[in-house]
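Please look over the following protein model and its sequence before reading the notes below.

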Amino acid sequence: IMGDAPKDLYLLFESAAGYALILRKEFDGRANDEELLDAKVFTKAVKLVAFQPFATAEEALEQINAMVAGEPTDTLMNMLDTNLPSAKKGKGSYQLGVYDVELGRALSEKFPVAATTDSIRELLRACRVHFGRMVKALTDTELGAAHVGLAHSYSRNKLQDDPNRQDKPIINAIALLDAMDKNLNTFAMRVKEWYSWHFPEL
């Protein structure tokens, strides 16, 4: 847990495009609304230290699955080792902010992980909102495409891994809606045809 003296806080942000390490200097445990909501204020208060992009959609899916399981990957560990201050410079001079408690517990074996407070979660949410402004190499279009692609891949993977095949009711419901739509179109055409027979002048 953070002490009284403010420490540098390194935020680990996982996006669909890659891992980012964002520095919030001398974090005192609080985050004000102006800092979180205003893009200009937030981007001045924080600094992008490193960005590790995912090379392929398959790698993105592999990394996100590990994050959900609370298991840090070699890619993540190498990035943190490379960009966080070394133990020689004073391990207690900073803390690492992580959104997921299980992931934070696993990382705490090697890094000084801060307790996951509401303020840290709010900072990470602000990172998500203003992420496009911090990573100049990414456009909003590319970031949006990465989010959609990863969402589809993750959902498809989860449905395939479901041993109880709980996706069957969803598939059946979609098929039923398609059939109903087709039937409604057919009935509408028939009603229009019958109406013209009874009232040919119209």
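The notes below cover the fold, the salt bridges, the pocket, the cavity and a surface patch.

This is a predicted model, in which local features need pLDDT of at least 70, side-chain atom pairs count only at pLDDT 80 or more, and totals for chains, interfaces and linings use all residues. Residues are numbered from 1 along each chain as its sequence is written, and side-chain values use heavy atoms, with hydrogens and water left out.

**Fold and burial**

- The protein chain has eight helices and four strands; helices (H or I, at least four residues) and strands (E, at least two) are DSSP runs, numbered from the N terminus.
- Read from the N terminus, the order of elements is β-β-α-α-β-α-α-β-α-α-α-α.
- Of the 202 residues in the protein chain, 33% are buried; buried means under 20% relative accessible area, exposed over 50%, and partly exposed in between (1.4 Å probe, protein chains only).
- I22 belongs to strand β2 (residues 18–27), and it counts as buried because its relative accessibility is 0%.
- The C-alpha atom of I22 is 6.6 Å from that of L12, although the two residues are 10 apart along the chain.

**Salt bridges**

- The whole structure holds three salt bridges, each defined as a side-chain nitrogen of Lys or Arg within 4 Å of a carboxyl oxygen of Asp or Glu.
- One of them pairs K110 with D81, with 2.8 Å between the closest N and O atoms.
- This pair links distant parts of the chain, 29 residues apart: K110 is in the loop between α5 (101–107) and α6, and D81 is in helix α4 (residues 74–83).
- K110 is partly exposed because its relative accessible area is 39%, and D81 is partly exposed at 37% relative accessibility.
- K110 can also be placed relative to M77: the two are 33 residues apart along the chain, and their C-alpha atoms are separated by 9.5 Å.
- R105 and E102 form another salt bridge, with the closest N and O atoms 2.8 Å apart.
- Both R105 and E102 sit in helix α5, three residues apart, or about one turn of the helix.
- R105 has a relative accessible area of 47%, so it is partly exposed; E102, at 45% relative accessibility, is also counted as partly exposed.
- R125 and E122 meet through their side chains in a salt bridge of 2.7 Å, N to O.
- Helix α6 holds both R125 and E122, three residues apart, about one turn of the helix.
- R125 counts as partly exposed at 38% relative accessibility, and E122 is partly exposed with a relative accessible area of 35%.

**Largest pocket**

- Rolling a probe the size of a water molecule over the atoms shows where empty space is left.
- On a 1 Å grid over the protein atoms alone, a cavity is a set of points where a 1.4 Å probe fits but cannot get out, and a pocket is an open set with protein on both sides within 12 Å along at least five of seven lines; lining residues have an atom within 4 Å of a point.
- Grid points are joined across faces, edges and corners, and a volume is the space filled by probe spheres set on the points.
- The largest pocket contains about 340 Å³ of space.
- It is lined by 16 residues, of which F13, E14, I64, Y99 and R128 are the closest to its centre.
- Two or more lining residues come from each of β1 (7–14), α3 (57–68), α6 (118–134) and α7 (140–161).
- The pocket lining has 10 nonpolar, two polar and four charged residues; Ala, Val, Leu, Ile, Met, Phe, Trp, Tyr, Cys and Pro count as nonpolar, Asp, Glu, Lys and Arg as charged, and the others, Gly among them, as polar.

**Largest cavity**

- There is one cavity of 30 Å³ or more, and the largest cavity holds about 30 Å³ of space.
- The lining of the largest cavity is made of E14, S15, Y19, F54, A60, Q63, I64, M67 and L150.
- Helix α3 contributes the most to this cavity lining, with four residues.
- By class, the cavity lining has six nonpolar residues, two polar and one charged.

**Surface patch**

- L176, L177 and M180 make up a nonpolar patch on the surface, and together they have about 310 Å² of accessible area.
- Patches are made of residues with over 30% relative accessible area and no salt bridge, with like charges joined within 9 Å and nonpolar side chains (Val, Leu, Ile, Met, Phe, Trp, Tyr) within 5 Å.
- Accessible areas come from the Shrake-Rupley method with a 1.4 Å probe; for residues, only the protein chains shown count as cover.
- L176 is in helix α8 (residues 168–198), and it is exposed because its relative accessible area is 51%.
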